[in-house]
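My notes follow in the order I checked them.

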Amino acid sequence: METQTQFFRDTWAEINLDHLYENVKNIKGHIPNDVKVFAVVKANAYGHGDVQTSLTALSAGAHGLAVAFLDEAISLRRGGIIAPILVLGATRPKDVKMAADMDISLTVFQQEWLVEAERQLSKGDCLNLHIKCDTGMGRIGVRTTEELKGIEKYILDHPQFEMEGIFTHFATADELNDEYLDEQLVRFEHMLAQLDSLPAYIHSSNSAATLRKTNTLFNAVRVGIAMYGLTPSIEMKPELPFPLKEVFSLHSTLIHTKELGAFEKVSYGATYQTERAEWIGTIPIGYADGWLRKLQGQDVLVDGKRVPIVGRICMDQCMIRLPESRSIGTHVTLIGSQGEEDITMDEIAQKLDTINYEIPCIISTRVPRIYIRNGEPAEVSNKLLSTGVQGQLKNKELQDE
Ligand SMILES: *Cc1c(COP(=O)(O)O)cnc(C)c1O
């Protein structure tokens, strides 16, 4: 596990694992007992930290994990995770031996892929496969029953392969109008009906479908965004069956303050000019941390009050307008709450004309993640520093040789 006990900057993200635990428990409670939850932890668990998030989700009753790429699955195995892991995206056939050796399940949707993959496997190997059906997402997956039957037969005829699952993915599950989702569901059920025998896992629901629907659950669901306490779409907000608790919050610290006179400029381009004497504070977070330039003008929280970012956001720093003098070291919350005030992921997403999914993903690995467990900071993950340290060790080993 890439963990460090330290970091050396005044900006950090807090990952509230207690909230994550509660969200997973609530999701489990919302669906029938026999429906298994695959916690979707692709993209470093949507920026939250793959291993820590996975361990918490599993402890809250998730059955397994799902990622997009084989590298992500390997990262989890190297982090000590032994639960079932499914790679949802395409894997190159030449890499399947690694998956078989590490007991990582892969997604298949082309028969030629199986032919090539088989060459990489030896007699005793067993590669678990989930067949992906494209029922209307138009991304990856088999579209015809002929393709499906071909793949099923090939898997059954070759002992190196095990047909462990079959799944599809909805394009519009987060929209309240179910017309297109229902069409996709009919196509998926038609495909299931073609199989000689059903595999262990049948799944179609992402977070939105899991929260909204009962007829799409089959015997497993793939839950990402809801586990992180975020609503899949704004229109779903009033319809949530239980409250979701945001897991990710973003924090910084005043590292400098000064009082500028009237008509003084702030930051690149001198785009901001003070109207009167103003207290301006500097915080050490910028676009290289994923705090994008478009967030100019966005509020942050200081002492429980909203204050605006003024002037252009720089690569590593930005400036805020304070109501009065504040001491260095004052806590600044960029996403999260202070007292009664709250800046949600949705607020930041709206400011950036995007969806909440994108926000934690773009907060870069330069920002250390502090994990909160039982209300206490329990652990720090600093990907930047841990790679650096490993790099140094490698260099040292080389020098010693
Ligand atoms: C990312 C992903 C999910 C998770 O979706 P959420 O909306 O975050 O729950 C599920 N299935 C597939 C195939 C995905 O790519």
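How many disulfides does a search of the whole structure find? I got 0. I am working from a predicted model, and I keep that in mind throughout.

**Cysteines**

I wanted a reason for that count, so I looked at Cys314. Its sulfur has its closest cysteine sulfur in Cys318, at 7.7 Å. A disulfide needs the two sulfur atoms within 2.5 Å, so this pair is too far apart for a bond. Cys314 counts as buried, because its relative accessibility is 15% and the cut-off for buried is under 20%. Cys126 comes out as partly exposed, at 38%.

**Ligand site**

Next I went to the ligand. Where does the ligand sit? I found it in the largest pocket. I listed 13 residues around it, and the ones that come nearest are Lys42, Tyr46, Ser207, Arg222 and Tyr357.

I then took distances from polar side-chain atoms to ligand oxygens. For Ser207 I noted 2.5 Å to an oxygen atom of the ligand. For Tyr357 the value is 2.6 Å, again to a ligand oxygen. For Lys42, an N or O atom of the side chain is 2.7 Å from an oxygen atom of the ligand. How much of the ligand does the protein bury? Taken alone, the ligand exposes 380 Å², and the protein buries 92% of that.

Which elements each supply at least two residues of the shell around the ligand? I noted helix H2 (42-46) and strand S9 (220-223).

**Helix H2**

I stayed with helix H2 to check the backbone. Most residues other than glycine have a negative phi. Ala45 does not follow this: its phi is positive, about 55°, and it is not a glycine. I place Ala45 in helix H2. Tyr46 is in helix H2 as well. Its phi is also positive, near 50°, and Tyr46 is likewise a residue other than glycine.

**His169 and Arg222**

Which side chain does Arg222 join through a polar contact of 3.0 Å? I found His169. His169 is in the loop between strand S7 (161-168) and helix H8 (179-194). His169 has 17% relative accessibility, so I log it as buried.

**Gln184**

I moved on to helix H8, where Gln184 lies. Gln184 is buried, with a relative accessibility of 0%. Its side chain has a polar contact with the side chain of Thr135, at 2.9 Å.

**Asn33**

My last stop was Asn33. Is Asn33 buried or exposed? Its relative accessible area is 76%, so I log Asn33 as exposed; the cut-off for exposed is over 50%. Asn33 is in the loop between helix H1 (17-30) and strand S2 (36-40). I also took its C-alpha distance to Thr231 and got 23 Å. Along the chain, Asn33 and Thr231 are 198 residues apart.

Definitions and conventions
Residues are numbered from 1 along each chain as its sequence is written. This is a predicted model: local features need pLDDT of at least 70, side-chain atom pairs count only at pLDDT 80 or more; totals for chains, interfaces and linings use all residues. Side-chain values use heavy atoms; hydrogens and water are left out. Buried means under 20% relative accessible area, exposed over 50%, partly exposed in between (1.4 Å probe, protein chains only). A residue is near a molecule or strand if one of its heavy atoms lies within 4 Å of it. A polar contact is a pair of N or O atoms within 3.5 Å; within protein, one must be able to donate a hydrogen and the other to accept it, and residues adjacent in sequence count only if both atoms are side-chain atoms. Accessible areas come from the Shrake-Rupley method with a 1.4 Å probe; for residues, only the protein chains shown count as cover. On a 1 Å grid over the protein atoms alone, a cavity is a set of points where a 1.4 Å probe fits but cannot get out, and a pocket is an open set with protein on both sides within 12 Å along at least five of seven lines; lining residues have an atom within 4 Å of a point. A molecule sits in a cavity or pocket if more than half of its atoms lie within 2 Å of its grid points. Helices (H or I, at least four residues) and strands (E, at least two) are DSSP runs, numbered from the N terminus.
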